[in-house]
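Please consult the sequence and the structure shown here while reading.

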Amino acid sequence: MADFPEIEDLIEELTTTGKEELDRDHLKKLLNLCRKSHPNLEFSYTKLYEQLQEEHSEIRFSAFQIMDKLFLRSHRFRELLLQDAPDILVVAMGTDQHDRPLPPPLKVAKQLQKMALEKLNTWYERFGKGYRLLELAFEFLRDVKKVKFDEMHIRTAAEERNTQQAKLKEVRLTASKLEQVDIQYEDRKESFLSDIKQMKSCFEMLVQKLSNQHTDTGDSGTIHDPGFLEGNESGITSYNFTLSLSISQKHVIYETPDNEDAIRRLRELYKENRGHENEAKRWLNVLLKCGSTDKWKIEEILRLKNTLSGLCSQFLDLEIREDGYFSSDDDGGEMFVEVPEKMMKTDVHSDVDGEERPTCSRYLEPDAGENMKREYKSEASHHSSIREKHLAIAPVVPFDSDLKLWETESGNIDISSYKSDSLHRFWKTNEHQENFVPSEVEASMRERAFRMETKFEPVERKCGAQLPQGGVCQRMDRYKCPFHGKIVERDSVGRAIHPEDIERDKQLDVQRKEKECLQIQKDIEATTGVSLIKKKRPRVSKAQTRKDIQKKRYARLTNIKKTGDNEVTSKKGLKNKVFSARSLDKISHAKNQSSQRKHQERFGSNFNY
């Protein structure tokens, strides 16, 4: 009994750390206390069982770790734990996810479930034959809950059913894809072969001996060096070797009326075969991904794709020119077309070089230039008259160096007007160089001083406020005294005359006395070192005290209100307000009133209802 408080504190400290590993010193103390007597062991089990009921996975995780340590050491603890085995399977392994799921955080909950299954498997291997309840718990998990202890995961009936359905769906989808590829290949095979045959015929018509001009695509080159392979084997390569590469040649074809139809058809076939090639690639991908066993079909589609690819590359090697109309006739008269003489002629003027250029002067009226000049002159005179009126109204500011240097930089200042103070002819300091202007002189050149003349009014009245030592204040300020505030009318003794001024003086006296008291109090505290102000303790309710204790207790744990599904967000706050019971009652009441009003408007005067 004397060790119970210490055991409770140790369990509280170990289970509220929020860490995956337990503190070794605290755990060692707890195990030593449990080893002393059975009451200590039973009390420890009770407290650990209470911690397993907490709605926080980190607390349950640490509590189950302590249970595992005690389970491996004590026969009595094993008996106590196996008596509550059904409930422990629920709170630690999550066997009832529908009614009692594992609490957040979700990550720690998964770790708790996996760790609990591993520990139970270890317990069964070591103590399964001696404890019938442990054997029943293991068989329940294995046979009923379909636990695969190699995966350490509990699969519910729904999860098992979903897994089987997913596998069947995948098998059906694979079979349908393979069947679809077979159907598409059989339907389009003839069209593919027909397009290939037509494209080969077009090549034979356009390019003579095309098959002899294109070499087989095999090795891209040959190396002529007898010692090259030996050097590679020994690690020392030879730099004297010859590399031969086969480069495809471009075939130039001129488009003529004779081959125009063949070229147009060849272009159409090229576009179609590009689509056929992509389709063949898609078929190959489907067959390989779905694991097709029909190797003959895969090889046939692969040969078809390679043939289409080769024909498309041969088309790209052709260089078709559309402007290459050449004739073998000597006169070539059929290639020229007569152009009729133009009916409309334009006036031309000879340039300086003697070249004649057309102009548009014949389209202008003879007096158009004079009219344009007169309009321009009248508009310019109108603007000048407006400018003169504005200048007559604008104020005149004398032009000085500040306006001249308004937007100029310091290095671009004209210093012709600046004269140095030195009177020597050629010996001068750095400050008296030819292009040097001192900073203060430059600043004065950019500024302009204006003289503002005002009339001075002398101060004729005094403050006149009462002084603590007697007499009145003799300060002469214009509006406000720095010691007694606003200057007002007073009598010879220093008392204010107007009622509002009297009230203000009373408030100032009170404030002055408070300041004096505070100053005296500070001096006393500085001398004695004792605070004269008694601090009042805030009144705290019992509920607030419990809340602070709980908050301090769970300070090291993860805040489950700010993680996962329990995270407090603005959306959840609005949802709680909108869908609260009070809001729903208001909405239902308003809907009932609306329906009653509509019913009254329709059938209120009908006595048959």
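## Helices α5 and α6

Leu81, Leu82 and Gln83 of α5 are in contact with Ala85, Pro86 and Ile88 of α6, where contact means heavy atoms within 4.5 Å. The residues of this α5 and α6 contact comprise 5 nonpolar, 1 polar and no charged. In this classification Ala, Val, Leu, Ile, Met, Phe, Trp, Tyr, Cys and Pro are nonpolar, Asp, Glu, Lys and Arg are charged, and the others, Gly among them, are polar.

The model is predicted: local features require pLDDT of at least 70, side-chain atom pairs count only at pLDDT 80 or more, and totals for chains, interfaces and linings use all residues. Residues are numbered from 1 along each chain as its sequence is written, and side-chain values use heavy atoms, with hydrogens and water left out.

Helix α5 spans residues 75-83 and helix α6 residues 85-93; their axes come within 5 Å and cross at roughly 75 degrees. Axes are lines fitted to C-alpha atoms, for helices over the stretch in contact, with angles from 0 to 180 degrees between N-to-C directions. Helices (H or I, at least four residues) and strands (E, at least two) are DSSP runs, numbered from the N terminus. The two helices α5 and α6 are therefore roughly perpendicular; angles under 35 degrees count as roughly parallel, over 145 as roughly antiparallel, 65 to 115 as roughly perpendicular and the rest as oblique.

## Helices α4 and α5

Helix α4 (residues 57-73) and α5 have axes that come within 6 Å and cross at roughly 125 degrees. This makes α4 oblique to α5. On the α4 side the contact involves Met67, Leu70, Phe71, Leu72 and Arg73, and on the α5 side His75, Phe77, Arg78 and Leu81. By class, the α4 and α5 contact has 6 nonpolar, 1 polar and 2 charged residues.

## Helices α2 and α3

Helix α2 (residues 24-36) packs against helix α3 (residues 38-52) at an angle of about 130 degrees, with the axes 5 Å apart. Accordingly, α2 and α3 are oblique to each other. Leu30, Leu33, Cys34 and Lys36 of α2 meet Asn40, Leu41 and Ser44 of α3. The residues of this α2 and α3 contact divide into 4 nonpolar, 2 polar and 1 charged.

## Aromatic pairs

The whole structure contains 11 aromatic pairs, defined for rings of Phe, Tyr and Trp (its six-membered ring) with centres within 6.5 Å; planes under 30 degrees apart count as stacked, over 60 as edge-to-face and the rest as tilted. Phenylalanine 64 and tryptophan 123 form a stacked pair, at 5.7 Å centre to centre and 25 degrees between the planes. Phenylalanine 64 belongs to helix α4 and tryptophan 123 to helix α7, so the pair ties together parts 59 residues apart in sequence.

## Cis peptide bond

Proline 104 and proline 105 are joined by a cis peptide bond, with omega about 0 degrees. Proline 105 is in the loop between α6 and α7 (106-127).
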